[in-house]
Amino acid sequence: MRIRETARWGKLAVFATIRSMGPWPCAGATTMTLLSDAPNLLRDRAELEAYWMPFTANRQFKSAPRLFVKAEGMYYTTDDGRRVLDGFAGLWCCNAGHCRRPITEAIQKQAAVMDYAPAFQMGHPLAFELANRIVELAPGKLDHVFFCNSGSEAVDTALKIALGYHRMRGEGSRMRLIGRERGYHGVGFGGISVGGIVANRKMFGTMLTGVDHLPHTLSVEKNAYSRGQPEWGAHLADELERLVALHDASTIAAVIVEPIAGSTGVILPPKGYLQKLREITKKHGILLIFDEVITAFGRVGANFAADVYGVEPDMITFAKGVTSGTVPMGGVIVSSDIYQAFMSGPPAAIEIFHGYTYSAHPLACAAGVATLQLYEDEDLFARAAKMAPIFEDALHSLKGTRHVVDIRNQGLVGGVELAPRAGATGARGFETYLKCYEKNVLIRSTGDVMAVAPALIVEEQQIDQIVTTLRDVLATVE
Ligand code: PXG
């Protein structure tokens, strides 16, 4: 091991790197467990270069890095030893809080018992256990689970299931997929096709053909400062009738929406909107998919947003909260009708030619089972529901603060919209995000919307800290 001395971002520090171990780092090297908080993992700036970071301003980041090395409960620790309050549950995912013992121990133990089992034509008990537990939580007729490893894969899986379902029933002409403007459904080609965020789409060609979009439901003009669901906008669901009239129902397979659009800046469904979408899809034999990657598993104070809004879709996509962000996992919950439609060929035939090497990975399943158990043991979804009015009041106390033009919330999802800087959309939001981080609070900027989504274990005083920090920062941001 090579020890070298170098200046790190202005401070003098000693670094040990693993590079000197030669081309096969494991062979011959002294046994070494690298952990995120190991002092020998600190890097100088040149060593930040190799990693091309996702959805990140790489050059900005690498000129002023923000590194987390540890996490516990509601807090991260930075590489320079600051404790940062996590107001965003990682990225909308660590719903149980960080490094919760029952979950981390389950993962550690499972890793030593069975690292991997083949996902195709073989199984392992934890996969079935987790599927059963998810089905128990799922609404109504949603009673089968297909596992994958992320929200993006969940969305692409759901879209493929929709196409396959119609084909299996002799309605193969139903090939169109309908998404929504400003929708975010991950970054697979299916997801960006039905998604409606222009920056995520414009670089990547023509994507899927045969896709159309509903209008989004945000109107700051009509609905500013609504608490929970806004009053205005149910009629926007009627646009689906217009698309049916244009394309004909016989060409449309599915509609996919986020019940609450998260990434695009927390857009809530107007009262009655999702019910209308359900009625119209049902009337025309179109499947309705709720993308609940953010909203599932307690985020809105219930199992699913479908429960909060009282609308049962045909499929729900999930990820994030299923393992509280500890191990990548995603999936699709489908209705029995959909599952049964695929079960029609000879019993020895594969029913769906789709799946991933890591579908229902044992570590993810161990994490998932332990996570769902922890949610239940600590009654965390009810806790989220109980904290929601406190969260709502705290967020709405920002009304009147400089730059704030709207505040939106449901459960433990909040969005504070700022007026954009002339000619520089997103700049004010990003600066606000950076300044909050400097003041030891992690939230997120998506454009000029400040998104807040703490873990379900959040305390009132922590909500207060998030909101106070945001208020103080907004007073200093131009
Ligand atoms: N669907 C929805 C509704 C999502 O929110 C995905 C699919 C994709 O999931 P994966 O696991 O492939 O990333 C998401 C992800 C943000 C933010 O800041 C949101 C997501 C991911 C990262 C950041 O709003 N949502």
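Mentor: One definition before we start: two residues are in contact if their C-beta atoms, placed from the backbone, lie within 7 Å. Keep in mind too that this is a predicted model.

Trainee: Got it. So which residues does Val 477 touch, leaving out those up to four places away in sequence?
Mentor: Val 477 touches His 403, Arg 428, Glu 431, Thr 432 and Lys 435.

Trainee: And where is Val 477 found?
Mentor: Val 477 sits in the segment after α16, the helix that spans 460-476.

Trainee: How far apart are Val 477 and Arg 82?
Mentor: In sequence they are 395 residues apart, and in space 22 Å, C-alpha to C-alpha.

Trainee: Let's switch to the domains. How is the chain divided?
Mentor: There is domain 1 (2-52), domain 2 (75-96 + 379-476) and domain 3 (103-377). The contact between domain 2 and domain 3 takes 32 residues from domain 2 and 29 residues from domain 3.

Trainee: Which element gives the largest share on the domain 2 side?
Mentor: That's α14, with 7 residues of the side that touches domain 3. By class, this side of domain 2 has 17 nonpolar, 10 polar and 5 charged residues.

Trainee: Now the ligand. Why does its shell lie between domain 2 and domain 3?
Mentor: Because domain 2 and domain 3 both give residues to that shell.

Trainee: Which residues come nearest to the ligand?
Mentor: Of the 19 residues around the ligand, the nearest are Gly 151, Ser 152, Gly 186, Ser 263 and Val 293. The elements giving two or more residues to the shell are α2 (89-92), α5 (151-168) and β16 (444-446). The largest share, 3 residues, comes from α5.

Trainee: Last topic: in what order do the strands of the open sheet run?
Mentor: The order is β3-β4-β5-β15, 4 strands with mixed pairing. At the edges are β3 (68-72) and β15 (441-442), each pairing on one side only.

Trainee: How many bridges join β4 to β5?
Mentor: There are 3 bridges, and the two strands run antiparallel. Tyr 75, for one, has Leu 85 in β5 as its bridge partner.

Technical notes. Residues are numbered from 1 along each chain as its sequence is written. This is a predicted model: local features need pLDDT of at least 70, side-chain atom pairs count only at pLDDT 80 or more; totals for chains, interfaces and linings use all residues. Two strands pair if DSSP finds at least two bridges between them. A residue is near a molecule or strand if its C-beta atom, placed from the backbone, lies within 6 Å of it. Domain bounds come from an automatic or database domain assignment. Ala, Val, Leu, Ile, Met, Phe, Trp, Tyr, Cys and Pro count as nonpolar, Asp, Glu, Lys and Arg as charged, and the others, Gly among them, as polar.
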